[in-house]
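Reader: I would like to go through this structure and ask what stands behind the terms used for it. Please set each value against its definition.

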Amino acid sequence: MSKSLIEELPRIVSEGRREAAQILERLSSGTQIGLQTNELVLPSKDVSGLFKGSAPQIPNAFNMAGGNGEWMNRLIYGDNLLAMQALLAGDAQTGLPSLRGKVDLIYIDPPFDSKADYRTKISLPGTDIQQKPTVIEQFAYADTWEEGTISYLRMMYPRLVLMREMMSNKGNLFVHIDWHIGAYMKAILDDIFGKENFRNEIIWKRRGGALNNYKTFGSITDTIYYYSKTEESIFNPLRTKESPEAQEYIKQRFVYDDGDGRLYSRDPVTNPSSTPTPSLIYEYKGYKPPEKGWAFSYETMVEWDKNGKLYFPEDKSQRIRRKTFLSEYEGQPIQNLWSDIYVINSQAKESVGYATQKPEALLERIIKVASNKGDLVCDFFGGSGTTAAVAERLGRRWITCDIGKPASLVMRKRFIDQEVKPFLYQSIGDYQKEAFRNNKRYKHVGDLSQVVLGLYGALPFTPEQTNDRNFGYIKGTRTLVMVDSPNRLTTAATIRRAVEAKASLLGGDWDKVVVLGWNFAFDISQAIQKYEASKVEVLVIPPDLLDKLAKKGYKKLIDDRSVRFSSLQYLVAKPLAVTPAGELDEIDVELENYVLLSPDNIPLDDKDKEKLQQVLERDPLSLIEYWSIDPDYDGITFRSTWQDYRENIENDNDPLHCVYKTRLRVPHKDSRQVCIKAVDVFGFESQVVESV
């Protein structure tokens, strides 16, 4: 008989503590995970197809990011466990010190339904399709829910420990959860933060009642657990006029009119002390004082009287009252029941089309209560980016992170649309290596690489030839084959490793090396071009291969030869046109074509693959979700100084297309490199570098 969840909690806690301790030990030993900067974003979205003004001069990619001590906000794509490790270690490349003890507020809204549909709806001209999660996301979701709530809590425990490590002594944590997990999550939080640091269980009424077809009451609330790190935590009390309680208070109390249309209430001015105060016991205009005296001095009484703030009853045996005008009323103190903030509907102005998007009013309340201007706010389940967007608007610094490519793309566009301060878009350097190495789901990774080799038509090397099971060869040829892991990005470093193996493995002398990858770094096409003379071919492993293996089995896939490995997508730009204009150069940049890898290798259902193929044939550039330009690329860091994206309708009133041509005015240089980057609707990134 399987153990109950209560019986499993000690094991969850024990394993979580051990994993967190190992992570922190590795950090202190110098074994660190780094961040890779994909883009330095200087928000400047296209408004007319013409970039007006000069692109910012940034001689050093990070002179705004630590070189001069100035903070830069960060959007990080990747597993938050690894992102937090990198942030705890610090980012030497951008001058970021360790964030241990530096974060003032963390809000997280982790997924809490194992049956959730993680597909993303994509609207294309003339059709809609549903994208399945990426391979990296599939692994993460499978881990999270492998044993239901047990796996979920095991996933959350070390992450919450790292969050506590990052929090300052004045720091606060808000964990947004629902009824599926709430009670167990609180037990975990009490263990990590201490029951004495539990501040509130906030109940958010997210929607109104509805008819329920089941034998239960309707579920209309979420729970937000509020913890602090120490007694020094920030708490800024707030008031509201919008809650039902405040509205009822206004209705009952503000019923008097001075004759000028201003409503007011009549409030007592009696000394609230339990004992009389002699200095407050005085007669005023024939009105005798209360037994314990008035609430304020004679001088204040005169001042309020002069300003028309007192009400004098005709019957002088009654008490003087203070007039509180409705315009002065700040509202009722906010308590732990929040019923005045409503969910976002699809027509709301702030909607970004993200399924679990939370309203800005909710995050505004949390950020105002639990942080001050200039404080650092983090959200490690970033989703639609509401936390960071509101933090920016309220003058806080921010870091946000998400493992989903769609979420990262939504956030980047949202921040640009909001015209936030320049920020870094980063990913995990040498992506997911630590998670891949330590996760029990991948302990047979060598076997998986052998499976991929076989499906490609390659043979593995024997252990005597090499102990690296990621390499194989095509029989009867001098073609070397390398299989990358499904839980990391294939990067320029991967290509370099393949080239080195081609030159050295078993004596070298290989004619060619083929790299088979699952997920690719944004600059992979540039890396391929760099090593073009070394005879490297990079192909994409079908993202649904694991599903096919589970459904059909290895032998069936071999027999029917249904597994196809395709080439990478790539972007085509027209030759740049440069026109001198005094001290400036005008550079015309235009996209010509976008070639996407086969729809068979996109995580889609068959019917959606057919729809996608039709779009590819008639309107391939419509797949571009976002593109940006660095007009002075240094070959290291992409500095985005112009952007356009779908849903930006300020330039063409077309939410399903970008503009594909722009003119940049930039300071004159005799020679420069212009880098053009594009991200398609599936999150695949391509870039082109042109020399001028």
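Reader: Leaving aside its neighbours within four places in sequence, which residues is threonine 127 in contact with?

Author: They are Ile122, Lys611 and Val615. Contact means heavy atoms within 4.5 Å. This is a predicted model, in which local features need pLDDT of at least 70 and side-chain atom pairs count only at pLDDT 80 or more, while totals for chains, interfaces and linings use all residues. Residues are numbered from 1 along each chain as its sequence is written, and side-chain values use heavy atoms, with hydrogens and water left out.

Reader: How far apart are threonine 127 and lysine 611 along the chain and between C-alpha atoms?

Author: They are 484 residues apart along the chain, and their C-alpha atoms are separated by 7.2 Å.

Reader: Why is threonine 127 called buried?

Author: Buried means under 20% relative accessible area, exposed over 50%, and partly exposed in between, with a 1.4 Å probe and protein chains only. Threonine 127 has 16%, so it is buried. Its place is in strand β6, residues 127–131. Strands (E, at least two residues) and helices (H or I, at least four) are DSSP runs, numbered from the N terminus.

Reader: What makes glutamine 687 count as buried?

Author: Its relative accessibility is 5%, so glutamine 687 counts as buried. Glutamine 687 lies in strand β36, residues 685–691. Apart from neighbours within four places in sequence, its contacts include Phe522, Tyr633 and Cys675.

Reader: Why does serine 671 count as exposed?

Author: The relative accessibility of serine 671 is 51%, so this residue counts as exposed. Serine 671 is in the loop between β34 (661–667) and β35 (673–680).

Reader: What is the phi of aspartate 509, and what is said of its residue type?

Author: Aspartate 509 has a positive phi of about 65 degrees although it is not a glycine. Most residues other than glycine have a negative phi. Aspartate 509 sits in the loop between α13 (492–504) and β24 (512–517). At 62% relative accessibility, aspartate 509 counts as exposed. Asparagine 653 also is not a glycine and has a positive phi, about 55 degrees. Asparagine 653 is found in the loop between β33 (642–645) and β34, and with 61% relative accessibility asparagine 653 counts as exposed.

Reader: Which residues touch the most other members of the largest nonpolar core?

Author: Among its 55 residues, they are Tyr152, Leu160 and Phe380. Helix α4 (residues 149–166) gives this core its largest share, 11 residues. A nonpolar core is a set of buried Ala, Val, Leu, Ile, Met, Phe, Trp, Tyr and Cys residues joined through side-chain atoms within 4.5 Å.

Reader: What makes α4 roughly parallel to α5?

Author: The angle between α4 and helix α5 (residues 182–193) is about 30 degrees, and their axes are 10 Å apart. That makes α4 roughly parallel to α5. Angles under 35 degrees count as roughly parallel, over 145 as roughly antiparallel, 65 to 115 as roughly perpendicular and the rest as oblique. Axes are lines fitted to C-alpha atoms, for helices over the stretch in contact, and angles run from 0 to 180 degrees between N-to-C directions.

Reader: Why are α1 and α5 called oblique to each other?

Author: The axes of helix α1 (residues 5–28) and α5 cross at roughly 40 degrees and come within 11 Å. The pair is therefore oblique. Among the residues making the contact are Leu5 and Arg17 of α1 and Tyr184 of α5. By class, this contact has seven nonpolar, no polar and two charged residues. Here Ala, Val, Leu, Ile, Met, Phe, Trp, Tyr, Cys and Pro count as nonpolar, Asp, Glu, Lys and Arg as charged, and the others, Gly among them, as polar.

Reader: How do you know that α2 and α4 are roughly parallel to each other?

Author: The axes of helix α2 (residues 80–89) and α4 cross at roughly 25 degrees and come within 10 Å. Therefore α2 and α4 are roughly parallel.
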